[in-house]
Amino acid sequence: MPFITEEIWHAMYDASRRKKSIALASYPDADKQRINDEAEQQMATLQELIVSIRNIRAEMKVEPKVKTPVQIHAVPDVIGLISENRGMLERLANVEGLEFVDTSLAQTPGARTTPRF
């Protein structure tokens, strides 16, 4: 869909700064003020959790439409992050009944561990 990209580009930039085509324009530089390492780390943690849950579901041959309960043991910072994003996690991993536990689940059948949870 290069024609759509071209139209969006023309609509976003004023005529004085833009070239005739996006193909002739220089690649934009990253704005270092908008880089947030903490937010990227938090998103990586959530992605890792969702992938882990999806992998466990696939390994255990759980039907994709079936919502399953999940128990998580993690450090307080990760628990706070998961709690803040609970709705997203439940939708993307297709789980319900998210429960935080105080003891390690490493020896529990079907459990998976990572350095953060």
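In this report, the axis of a helix is a line fitted to its C-alpha atoms over the stretch in contact, and an angle runs from 0 to 180 degrees between N-to-C directions. The model described here is predicted.

## Packing of two helices

With that definition, helix α2 and helix α4, the latter spanning residues 86-93, pack at an angle of about 35 degrees. Their axes lie 9 Å apart, and the crossing of α2 and α4 is right-handed. On the side of α2, the contact is made by Leu46, Leu49, Ile50, Ile53, Arg54 and Arg57. On the side of α4, Met88, Leu89, Leu92 and Ala93 take part. Sorted by class, the contact of α2 with α4 comprises 8 nonpolar and 2 charged residues, with no polar residue.

## The largest pocket

The largest pocket of the model has a volume of about 540 Å³. Its lining consists of 24 residues, and the closest of these to the pocket centre are Ile56, Val70, Gln71, Gly110 and Ala111. Helix α2, residues 37-59, supplies at least two residues of this lining, and strand β1, residues 68-72, likewise supplies at least two. By class, the lining of the largest pocket divides into 14 nonpolar, 8 polar and 2 charged residues.

Ala39 and Met1 are 38 residues apart along the chain, and their C-alpha atoms are separated by 31 Å. For Gln41 and Pro69, 28 residues apart along the chain, the separation of the C-alpha atoms is 25 Å.

Glu99 belongs to strand β2, which covers residues 95-100. Its relative accessibility of 39% is the reason why Glu99 counts as partly exposed. Glu99 and Pro69 stand 30 residues apart in sequence, and the distance between them in space is 7.8 Å, C-alpha to C-alpha. When residues up to four places away in sequence are not counted, Glu99 touches Val70, Gln71 and Ile72. Two of these partners, Val70 and Gln71, are also among the lining residues closest to the centre of the largest pocket.

The following table gathers the C-alpha separations.

| Pair | Separation along the chain | C-alpha distance |
|---|---|---|
| Ala39 and Met1 | 38 residues | 31 Å |
| Gln41 and Pro69 | 28 residues | 25 Å |
| Glu99 and Pro69 | 30 residues | 7.8 Å |

Most residues other than glycine have a negative phi. Lys61, which is not a glycine, has a positive phi of about 55 degrees. Asn94, also not a glycine, has a positive phi of about 55 degrees. Lys61 lies in the loop between α2 and β1, whereas Asn94 is placed in the loop between α4 and β2. Asn94 has a relative accessibility of 15%, which is under 20%, so Asn94 counts as buried.

Terms used: Residues are numbered from 1 along each chain as its sequence is written. This is a predicted model: local features need pLDDT of at least 70, side-chain atom pairs count only at pLDDT 80 or more; totals for chains, interfaces and linings use all residues. Side-chain values use heavy atoms; hydrogens and water are left out. On a 1 Å grid over the protein atoms alone, a cavity is a set of points where a 1.4 Å probe fits but cannot get out, and a pocket is an open set with protein on both sides within 12 Å along at least five of seven lines; lining residues have an atom within 4 Å of a point. Grid points are joined across faces, edges and corners, and a volume is the space filled by probe spheres set on the points. Helices (H or I, at least four residues) and strands (E, at least two) are DSSP runs, numbered from the N terminus. Ala, Val, Leu, Ile, Met, Phe, Trp, Tyr, Cys and Pro count as nonpolar, Asp, Glu, Lys and Arg as charged, and the others, Gly among them, as polar. A crossing is left-handed if the near helix is turned anticlockwise from the far one by less than a right angle, and right-handed if clockwise. Contact means heavy atoms within 4.5 Å. Buried means under 20% relative accessible area, exposed over 50%, partly exposed in between (1.4 Å probe, protein chains only).
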